Amino acid sequence: MESGELFRLIPKVDRLLNTPEVLEAMGHLPKRLAMAQITTVLQEIRQGIRAGEIVDPSELELPLVVERVLKGLRKVTKPSLRKVVNATGVVVHTNLGRSPLPRKVMEDLIEIACGYSNLEYNLREGRRGNRFTHVEDILKELTGAEAATVVNNNAAAVLLSLDTVAKGKEVIVSRGELIEIGGSFRIPEVMKRSGARLVEVGTTNKTKLQDYESAITPETALLLKVHTSNYKIIGFTQSVSNKDLVSLGKRYSIPVMEDLGSGCFIDLSQYGYEKEPTVQEVVSQGVDIITFSGDKLLGGPQAGIILGKRDFVERIRKNQLARAVRIDKLTLYTLESILRLYLDPARAKEEIPTLNMILTPFERLEKRARAILRKLGRIDTKNFQVKVMEGISKVGGGALPALNLKTALIALIPKRLMANEIEVFLRNYEPPIIARIERDIVVMDTRTILKEDMGFVVDSIRAAASL
Ligand SMILES: *Cc1c(COP(=O)(O)O)cnc(C)c1O
């Protein structure tokens, strides 16, 4: 049909606005929201006619156009932050919300979220309490630290600690630890913000105790160690142990702080992974202030944990800035519940998804991959070939960058469709499935696909097969 005639067949704005479906979807929403959707849809249709993509008048029938408007309206009323399936194999995926939380904990959270709680109320004494008491004892129990407190995230923990102990003073850091973490969190910048002056010592690959010692002046307020979370220097390297740094600090009465990045309570070397010091070990080495994230290896909610000697933790808590980075009750409850799971490490490994995913052995993942293939059954498609392949997953979140976890992948090997077409289709699926392209093959890593999401993966492959 000629485009002039097609243009005349486009449903009018008023007609669309007054269909029962649109009226119902609008409810008491402001009319301009529906108007905006209608305008967008009509613009797209006109564009489509002009470009010769719409040639059939049946594409302009009222129900079809109404459906497009409704789809737009649903998008406006639904939160844009939504569930996706992480098939990337990166367990602590910063872009995909880092650590998933145990469903059981979140079900219990509803009670706290939808009602009142003893957040800052001492039930025994019937008067005002302190929100940090809910996590302090359990943190002390798990780590052996004298005192503990929590803030919004580890970046805040570092900032607040530096501001408290080193504002206007000098902080000595090894040049090998002046790191940038994803999202451009740079240690030197954070120092500047906290008002501390950075004194760099040593070289990129080697820093000796003597380097720290000769940099000490009457202005030195802190010896800082920073975990080089997201990279590894290999070859000729040397750094100073916490033990040596702590005894140096003692001699000069200067505290030692370590930003551990992703603190872990469980020694992963017992599962054959490379040795990373646990939080307990760092505490026992006598480090005065230790900070780490709640949602990296710990597998909890976004939070920053500060542990150490009592007088430092107390000063940190009293800092006026602490209020600005205060943890909220939902996070606090979630963090407390996760920490309590760690009282029984075997249970923590089972119930904390991040830990569980990191520790799942290859054999079990391979079984899972085969089960997905079985569920898929025989699919007859020219679009791609489906196979189980071996691959590598990563911990992510800047933790254990050198660790390669052997994994089982569902591989979609392109035939009629190209790899990026398959990837886009999966990403636009409901729920979106975030896969990876590796050497022109679309791969979905079974390590990070949650059990409850297996069905979505199967259905999405089937849908892509019948494109
Ligand atoms: C991740 C990380 C941070 C920042 O922690 P967030 O919880 O993301 O704020 C700071 N320092 C190190 C060494 C890290 O690895």
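This is a predicted model: local features need pLDDT of at least 70, side-chain atom pairs count only at pLDDT 80 or more; totals for chains, interfaces and linings use all residues.

Before looking at any helix pair, I reminded myself of the convention: a crossing is left-handed if the near helix is turned anticlockwise from the far one by less than a right angle, and right-handed if clockwise.

Entry 1: I went to helix 7 (residues 133-143) and helix 14 (residues 329-341), whose axes lie 10 Å apart at an angle of about 25°. Angles under 35 degrees count as roughly parallel, so helix 7 is roughly parallel to helix 14. With the convention in hand, I logged the crossing of helix 7 past helix 14 as left-handed.

Which residues meet here? From helix 7 I listed His 134, Val 135, Ile 138, Leu 139 and Leu 142, and from helix 14 Leu 332, Leu 335, Glu 336, Leu 339 and Arg 340. I sorted the residues of this contact into seven nonpolar, one polar and two charged.

**Entry 2: Asn 118.** His 134 turned up again when I checked Asn 118: beyond its neighbours within four places in sequence, Asn 118 touches Leu 123 and His 134. Asn 118 sits in the loop between helix 6 (103-113) and strand 3 (121-122).

Entry 3: I found a positive phi of about 50° at Arg 98, which is not a glycine. Arg 98 is in the loop between strand 2 (90-92) and helix 6, and its relative accessible area of 22% makes it partly exposed.

Ser 253, also not a glycine, has a positive phi of about 55°. Its loop runs between helix 11 (242-252) and strand 11 (256-261). At a relative accessible area of 67%, Ser 253 is exposed.

I then looked at the peptide bond from Glu 430 to Pro 431, which is cis, with omega near -5°. Pro 431 belongs to the loop between helix 18 (419-427) and strand 16 (433-434).

**Entry 4: stepping back.** Of its 467 residues, 49% count as buried. Among contacts between residues at least 6 apart in sequence, 74% join residues at least 24 apart. The accessible surface comes to about 23900 Å², with 51% of that belonging to carbon and sulfur atoms.

Conventions: Residues are numbered from 1 along each chain as its sequence is written. Side-chain values use heavy atoms; hydrogens and water are left out. Axes are lines fitted to C-alpha atoms, for helices over the stretch in contact, and angles run from 0 to 180 degrees between N-to-C directions. Helices (H or I, at least four residues) and strands (E, at least two) are DSSP runs, numbered from the N terminus. Angles under 35 degrees count as roughly parallel, over 145 as roughly antiparallel, 65 to 115 as roughly perpendicular and the rest as oblique. Contact means heavy atoms within 4.5 Å. Ala, Val, Leu, Ile, Met, Phe, Trp, Tyr, Cys and Pro count as nonpolar, Asp, Glu, Lys and Arg as charged, and the others, Gly among them, as polar. Buried means under 20% relative accessible area, exposed over 50%, partly exposed in between (1.4 Å probe, protein chains only). Accessible areas come from the Shrake-Rupley method with a 1.4 Å probe; for residues, only the protein chains shown count as cover.
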